[in-house]
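Here is a short tour for anyone meeting this structure for the first time.

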Amino acid sequence: MRQPARPLPVLALLPVLLFGATACQGAAEPDARAPAAPSTVVVDDGVPGAARAPVRPGAKDARVGGTARLHGRQLGQHLQVVLRAFVDPAISVDKKFAPPAGKRWVAASMSFVNVGGASYGALGRMWAHDSAGRRHPVVKTGELTTGKPIVFDSLEVGERAEGWVVFEIPESVRIVRLQYQDANAQANSGEGYWAV
């Protein structure tokens, strides 16, 4: 007499189930425990005066409309700087006020916002770099046809300052890059560069 078939133990079916599940899967999902790609944003380590790596090592300069985020020496000092516009040449509202012969003005519209948790100090320094590698500092001017010069002594949390900075350059040179270096900046974290 024939004995009834006994069911296979579950363990015997395990390899078949595993193989079938693996064969049906699509592309493997990344392991949640795997290290993530390096972030392009510098994280505030909370240590006043600590040196930091550049925000994006090896990255190209920002363009008009591009933002640089700077970190001051004191805990909580964070400044967001945007190049809003660049004009060449820049022209004074006062027709009697102009650069000397052989020179011209170029100007950048800048926006500074205190995005940190502490007040921010005075405006830093800025230069226009020409194609020959020379840099030209900001010069004081009156109001331009494009707007007023920027001035601020300090920015409280959430405050914004906007306006124009002007560079006096020889007529024959071409400006290729702008640089802002904050007066309150930490090493490697207080400069912004824009290609123009």
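## Starting at D130

Let's begin with D130, which touches H136, V173, R174, I175 and V176 once residues up to four places away in sequence are left out; contact here means heavy atoms within 4.5 Å. This is a predicted model, in which local features need pLDDT of at least 70 and side-chain atom pairs count only at pLDDT 80 or more, while totals for chains, interfaces and linings use all residues. Residues are numbered from 1 along each chain as its sequence is written, and side-chain values use heavy atoms, with hydrogens and water left out.

D130 sits in strand β4, residues 125-130. (Strands are DSSP runs of E with at least two residues, numbered from the N terminus.) Is D130 buried or exposed? With a relative accessible area of 3%, D130 is buried; the cut-offs are under 20% for buried, over 50% for exposed and partly exposed in between, using a 1.4 Å probe and protein chains only.

A polar contact of 2.8 Å links it to the side chain of H136. (A polar contact is a pair of N or O atoms within 3.5 Å; within protein, one must be able to donate a hydrogen and the other to accept it, and residues adjacent in sequence count only if both atoms are side-chain atoms.) D130 forms a salt bridge with R134 too, where the closest N and O atoms are 3.1 Å apart; that term stands for a side-chain nitrogen of Lys or Arg within 4 Å of a carboxyl oxygen of Asp or Glu. R134 itself is partly exposed, at a relative accessible area of 45%.

## The sheet

Zooming out, what is the order of the strands in the open sheet? The 8 strands run β1-β2-β3-β6-β5-β4-β7-β8, with antiparallel pairing. (Two strands pair if DSSP finds at least two bridges between them.) β1 and β8 stand at the edges with a single partner strand each, so one side of each has no neighbour in the sheet. On average, neighbouring strands are turned by 30° against each other, direction ignored; the axes behind such angles are lines fitted to C-alpha atoms, and angles run from 0 to 180 degrees between N-to-C directions.

Back at β4, its pairing with β7 (residues 175-181) is antiparallel and covers 6 bridges. W127 has Q179 in β7 as its bridge partner. β7 is in turn joined to β8 (residues 191-195) by 5 bridges, again antiparallel, and Y180 stands opposite G192 in β8. Elsewhere, β3 and β6 run antiparallel and are joined by 11 bridges, with F112 partnered by A161 in β6.

## V113 in β3

V113 belongs to β3, residues 103-114. V113 counts as buried, at 10% relative accessibility. Setting aside neighbours within four places in sequence, V113 is in contact with H78, L79, Q80, E159 and R160. V82 is 31 residues from V113 in sequence, and their C-alpha atoms are 8.8 Å apart in space.

## Salt bridges

How many salt bridges does the structure hold? There are 4. In one of them R104 meets D88, with the closest N and O atoms 2.8 Å apart. R104 lies in β3 and D88 in the loop between β2 (78-87) and β3, so the pair ties together parts that are 16 residues apart in sequence. R104 is buried at 12% relative accessible area, whereas D88 is partly exposed at 40%.

R160 forms a salt bridge with E162, the closest N and O atoms being 3.4 Å apart. R160 counts as exposed at 53% relative accessibility, and E162 as partly exposed at 38%.

## The nonpolar cores

In soluble globular proteins, nonpolar side chains tend to be buried together. Here the largest nonpolar core has 25 residues, and those with the most contacts inside it are M110, F112, F167, L178 and W194. (A nonpolar core is a set of buried Ala, Val, Leu, Ile, Met, Phe, Trp, Tyr and Cys residues joined through side-chain atoms within 4.5 Å.) At least two residues of this core come from each of β1 (67-71), β2, β3, β4, β6 (160-170) and β7. A second, separate core has 6 residues, including W105, L144, W164 and V166.

Definitions and conventions: Helices (H or I, at least four residues) and strands (E, at least two) are DSSP runs, numbered from the N terminus.
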